[in-house]
Amino acid sequence: MTAFKLAEEGKSVTLVEAGRLFGGTTGKTTAKITANQGNIYQELYLRYGKEAARQYFRAQSDGMSGFADLIEKYGIDCDFTRTDGIIFSRCGGERLKSTCRLLKEFGADCEIVGEVAPVKSVCALKMSGQYLFDPIKFLSALPVNFEIFENTRVTEIDAKNKILYCGNKIYANTVVIATHFPIIDKYGGYIFKLRQSLSYTIAVKEKVTDKMFLDEEQDGLSVRPYANGTLFGGFDHRTGRVKRVGSFARLINKSALYGGKAVTHCWAAADVMTFDGMPYAGAYSKKLHKVYVITGFNKWGMTNAMVCAEIIRDAICGKENEYARMFSPQRKIKACFKSALSNILTNFGNITAAYLPFTVKTVKNIPVGTGAVVRYKGKKRAVYRDENGRLYAIGRMCPHMHGQLKWNADTMTWDCPCHGSRFDIYGNIISEPSVKCCKHKI
Ligand SMILES: Cc1cc2nc3c(=O)[nH]c(=O)nc-3n(C[C@H](O)[C@H](O)[C@H](O)COP(=O)(O)OP(=O)(O)OC[C@H]3O[C@@H](n4cnc5c(N)ncnc54)[C@H](O)[C@@H]3O)c2cc1C
């Protein structure tokens with residue numbers, strides 16, 4: 001979106017993508033374009049006051065219109081559908097009721113309703129006029145008046161001189177880091193103020209609803225229709241901190257309660273989370289000139305991407321943007337001491353754990369089809385045993401900041417609990433911030 005918006009302004013843009021375009025989280029999203037994001041408004045009101053909550057709502061509404069306008073302007077066929085967006089509660093729904101009162105003050109077309117089939121809710125906040133779409137069809141159809149290099153991972157950035165290393169060197173006048181989790185660690189403090197949250201999704205053949213639903217709880221159920229089927233998602237947790245194995249099985253069971261029968265796909269993807277629920281878009285750091293960042297969409301990356309792309313476009317073109325201050329990466333986040341401390345302690349704990357040489361486990365302790373950090377060939381390694389008993393060993397430390405990797409049995413991946421880099425059984429990068437694969441230590 002940012003590349004597109006800058007090219008629209010006549011800027012000469014080069015987009016560098018580590019894999020294939022849309023192969024990151026955007027290709028695995030549930031793509032609800034909605035301002036009905038539940039309790040965020042109540043949380044912003046308590047943290048920053050009513051005006052901040054109102055401004056966030058306006059930003060989301062603008063983000064929604066941004067999609068509608070582009071889809072109309074370019075006649076894009078991307079399954080863009082208008083429907084109700086529903087956040088439901090399985091308890092009393094007191095927070096949803098307060099949110100509804102607040103949103104009505106902001107002019108939102110919303111109401112509190114009781115049970116809404118097919119989900120079992122006690123209370124729900126319904127907002128009309130929300131959208132669903134297919135982001136890949138949408139992005140693929142946007143006019144591309146800029147250069148794109150796929151399969152080109154940036155492995156190092158000289159941020160002062162704006163040189164990007166990716167096998168070759170790219171000399172830039174301005175750099176926008178939109179790599180999901182930012183990849184420059186030296187500036188901006190993103191390693192302290194962000195974390196990643198992994199969610200699980202399944203697709204079923206049956207269309208059980210034509211509306212979109214979301215449980216108000218952080219790890220609750222998300223439901224949306226697509227084509228002739230339905231997507232069910234949920235069971236979010238900090239990447240690398242698997243609470244319980246069996247997320248896909250539990251999603252399949254849940255979907256069956258709502259009429260889902262034939263599961264066609266299962267996948268997991270992570271998003272970047274900030275402490276106050278709002279993204280970061282703006283200058284990467286006060287110490288850097290003409291280096292920008294977009295990150296921290298908190299699972300609301302459709303509307304927010306539209307708004308953030310415009311913030312960056314305006315910053316580069318020297319124009320004012322009404323949301324620039326609110327989404328500034330340098331904003332002071334109020335009341336975040338507990339979350340910040342917990343984030344730092346988690347990172348510190350996992351990095352320290354990686355340096356402890358002691359482990360009593362050996363490869364004999366690894367059952368077929370699973371992985372563990374064990375002593376193997378004289379060293380502590382991350383080892384996976386396949387169905388035929390074959391072992392796949394990689395370094396146990398994430399190349400990013402040396403956190404100890406954790407095996408995720410649902411996704412069959414090695415995930416870092418610190419900043420959320422993920423690797424396959426061969427040590428190849430699945431997602432950033434690591435810019436290196438994880439086989440170098442073997
Ligand atoms: C399960 C799930 C459901 C969601 N549902 C919704 C929803 O319904 N509505 C909503 O609004 N939001 C939703 N979100 C959030 C939204 O999908 C994301 O916020 C958004 O897609 C993130 O976009 P991005 O461009 O920041 O990241 P990505 O799409 O991951 O793009 C980043 C790109 O950077 C590339 N990259 C990384 N490192 C490098 C490097 N070193 N060099 C070059 N390229 C690199 C990656 O390959 C990737 O393609 C959901 C998120 C998840 C996880």
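**Entry 1: what I am looking at**
I am working with a predicted model, and I count residues from 1 along the chain.

**Entry 2: the cavity**
Rolling a probe the size of a water molecule over the atoms shows where empty space is left. How many cavities of 30 Å³ or more does the structure hold? I found one, and the space in the largest cavity comes to about 40 Å³.

Next I listed the lining of the largest cavity: K32, T34, N36, G85, I86, I87, M212, F213, L214 and W300. Strands β3 (81-89) and β12 (212-215) are the elements that give two or more residues to this lining. Sorted by class, the lining has six nonpolar residues, three polar ones and one charged one.

Why do I place the largest cavity between two domains? Domain 1 (1-80 + 133-186 + 278-331) and domain 2 (81-131 + 195-273) both give residues to its lining, so the largest cavity lies between them.

**Entry 3: the ligand and its shell**

- A polar backbone atom of A18 is 2.9 Å from a nitrogen atom of the ligand.
- T25 uses a backbone N or O atom, which lies 2.8 Å from an oxygen atom of the ligand.
- T29 brings a polar side-chain atom to 2.9 Å from an oxygen atom of the ligand.

How much of the ligand does the protein cover? On its own the ligand has 1000 Å² of accessible area, and the protein covers 90% of that.

I also checked which elements build the shell around the ligand.

My last look was at the backbone. Most residues other than glycine have a negative phi, and most peptide bonds are trans. With that in mind, I wrote down these exceptions.

F235 is not a glycine, yet its phi is positive at about 55 degrees. I located F235 in strand β14 (residues 229-238).

K299 is not a glycine either, and its phi is positive at about 70 degrees. K299 sits in the loop between β17 (291-295) and α8.

Which peptide bond did I log as cis? The bond from E432 to P433 is cis, with omega near 15 degrees. P433 belongs to the segment after β24 (429-431).

Technical notes: This is a predicted model: local features need pLDDT of at least 70, side-chain atom pairs count only at pLDDT 80 or more; totals for chains, interfaces and linings use all residues. Side-chain values use heavy atoms; hydrogens and water are left out. On a 1 Å grid over the protein atoms alone, a cavity is a set of points where a 1.4 Å probe fits but cannot get out, and a pocket is an open set with protein on both sides within 12 Å along at least five of seven lines; lining residues have an atom within 4 Å of a point. Grid points are joined across faces, edges and corners, and a volume is the space filled by probe spheres set on the points. Helices (H or I, at least four residues) and strands (E, at least two) are DSSP runs, numbered from the N terminus. Ala, Val, Leu, Ile, Met, Phe, Trp, Tyr, Cys and Pro count as nonpolar, Asp, Glu, Lys and Arg as charged, and the others, Gly among them, as polar. Domain bounds come from an automatic or database domain assignment. A polar contact is a pair of N or O atoms within 3.5 Å; within protein, one must be able to donate a hydrogen and the other to accept it, and residues adjacent in sequence count only if both atoms are side-chain atoms. Accessible areas come from the Shrake-Rupley method with a 1.4 Å probe; for residues, only the protein chains shown count as cover.
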